[in-house]
Structures are given as structure tokens and as C-alpha cells.
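Let's take a look around this protein together. Keep the picture open while you read, and find each spot as we get to it.

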Amino acid sequence: MISFVKRRGFVVLFVALLAVALLYAHFIFAPRLPRLIFIYGWLLFFLIVILSLYNARKKLSFLPLGTSEGWLQFHIYAGLLTVVLFLLHIRFRMPTGWFDLILFLLYWLVTLSGIFGLFVSRVIPQRLTTRGGEVLYERIPALRRSFQEQAETLALKSVPDAQSTTLADFYLRHLKSFFERRQNFWPHLFENRSSLNSLLNKIGDLKRFLDEKERATAEQLADLVRQKDGLDYQRALQITMKTWLFAHIPLTYSLLIFSVVHIVIVFAFSGGAR
């Protein structure tokens, strides 16, 4: 564990020093070498191409191309290094033309989506573990229907058993829509349980007006509410993990395409690095 931390710290230090060296070299040599930005551009393009191969590496895991963890670490640190190269390449200025502006926005969308993906890939698995482990995403709809059917059965069964419609009426007013639909996507992402607590408090308040048998049924309903809420929690976090890749990967390929067109335009109209 200690050697792993030391190794990770060494890599972080190396990338930081490399970034500082690039910045220092730029401010020393840029006034004398106006074409230096083309070198930054080629380095940036080369790194973007290498970074885009990470997705292909994950699909070709059977080939001896290094470990997935090694590729991921390179992807993270090289991706951060491109920020320095990009800023140097654009001379720390906002682009003016519409094409350059699109390229500018694409780069930052790719970078920010990558940082977001790094965050969720580190945080969400830990959060899922604290809530009882990950449930297969494909099983979530079937489990939701199962909880709904169990809750409806309990509510309907309480009518003849207790000779009262109190629980059934409560289910229709407060629980039916909860079990039928996915709930609280954003609150689950931000660990906000106020909706769940409000629903459980309503069940708790209802128990004061129930007999012993109805209170047992109400407690079963409360347990199903907790399980359904946990299922919604799983869905919210898992769909977040899945969705960011649907943005990051297409944006990356769009950036590559626009970068190639950018290179062609530069060489066509300014002679490249001549």
C-alpha cells in the first residue's frame, strides 16, 4: 500500500514538474520562437489521439497491451497535461472565429466530462457499497414491480382483515405513485433523504390510529418503502455512471475530427509550421 502511494505521488509530482517546465519554457522561448505554438499543437493532437485509444483498449482486454489500471492512470495524467498544452497553444486567449470557438468548446467539454467521470467512478462505487452493494441495473425494473405488487397486496389485504380502509386509502394517497414511478433522482445523487424521511414519518403518524394488526402491516409497508427507495438510489447512481460515457466518448471523437480539420486548415492557409 505504501509503495503504491509513493508511486502515485511520484507520478503526480512528475506531471506537475513537466507542466511547470512547459510553462517556463514557453515564457522563455515564445518571444523568440513565434512558431512554438505549432509544436504545442502537434503534442496536443498526439496526446488526444493516444487518449482516445483508451476506449479501444478496454474492448481489446485480451491483447497484451498493458494493464487497464496502467492505461487509466496514463489517461488521467496525460489528460490533465493536455490542459497546459491547450492553453499554451491558444496563447491563453479566447478564439475569435466560429470554427475555433467550436473546437475550443469541444475541448473543454471533453476535459470537464472526463473530470466528472473520474469523480463519479471514484465516489459512486463507494456509495453503492455503503447501501448494501450494487444491484444489477437490468434487474431494477423487475424488482421495482415486485415491491409495487407486494405493497398493493398488503394494502388491499388490510381491508377485509381489519374491516377498515385506512391503510388502503393511505396507500392510494401517498404510496401508489411512489411505487409506480422512479423517484428522487437528484436528491439521491446529493444524498438527500428528506423525501424518504417524510414518507416514513407519515407512516409513523398513521400508526397511532391503527390497531395492532394494522400496525404490523404498516411496518411491512414502511420496509418496502425503504427497499424501493434503495432501488431508486441504485438507479440514480448507476445511470449517472453509465450516462457520462455516452457524452465523453462521442465528444472525444468529435474533438478528433475537428482537430484534423483544424490541422488541414492551418496547413492550407498558413503553411503549417513553415
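Start with K202, which sits in helix α8 (residues 194-207). Keep in mind that this is a predicted model. Is K202 buried, exposed or partly exposed? K202 comes out at 36% relative accessibility, so it counts as partly exposed. Who does K202 touch? Setting aside neighbours within four places in sequence, K202 is in contact with F170 and H174.

Now for some packing. Helix α3 (residues 68-89) and helix α4 (residues 98-130) pack against each other at an angle of about 150 degrees, and their axes are 11 Å apart. The crossing of α3 past α4 is left-handed. On the α3 side, the residues making the contact include L72, I76, V83 and F86, while α4 brings F104, Y107 and W108, among others. Sorted by class, the contact has 9 nonpolar, 4 polar and 1 charged residues.

Next, the nonpolar cores. In soluble globular proteins, nonpolar side chains tend to be buried together.

| Core | Number of residues | Some members |
|---|---|---|
| Largest nonpolar core | 28 residues | L22, Y40, L44, L85, Y107, L255 |
| Second, separate core | 23 residues | L167, L175, F178, L231 |

Helix α2 gives the most, with 9 residues. Zoom in on Y40 and you'll find that it touches L22, H26, L85, L88 and H89, not counting residues up to four places away in sequence.

Last stop: helix α5 (residues 140-162). Its 23 residues, at 1.5 Å a residue, should span 33 Å, and its end C-alpha atoms are 33 Å apart, so the two values agree. Which residues of α5 are buried? They are I140, R144, F147, Q148, A151, L154, A155, S158 and A162. Just after α5, look for Q163, which takes a positive phi of about 55 degrees.

Conventions
Residues numbered from 1 in each chain as written. Predicted model: local features only at pLDDT ≥ 70, side-chain atom pairs only at ≥ 80, totals over all residues. Heavy atoms only, no water. Axes fitted to C-alpha atoms, helices over the stretch in contact; angles between N-to-C directions. Helix = DSSP H or I, 4+ residues; strand = E, 2+ residues; numbered from the N terminus. Left-handed = near helix turned anticlockwise from the far one by under 90°. Contact = heavy atoms within 4.5 Å. Nonpolar A, V, L, I, M, F, W, Y, C, P; charged D, E, K, R; others polar. Expected span 1.5 Å × (residues − 1). Buried < 20%, exposed > 50% of the residue type's maximum accessible area, 1.4 Å probe, protein only. Core = buried A, V, L, I, M, F, W, Y, C linked by side-chain atoms within 4.5 Å.
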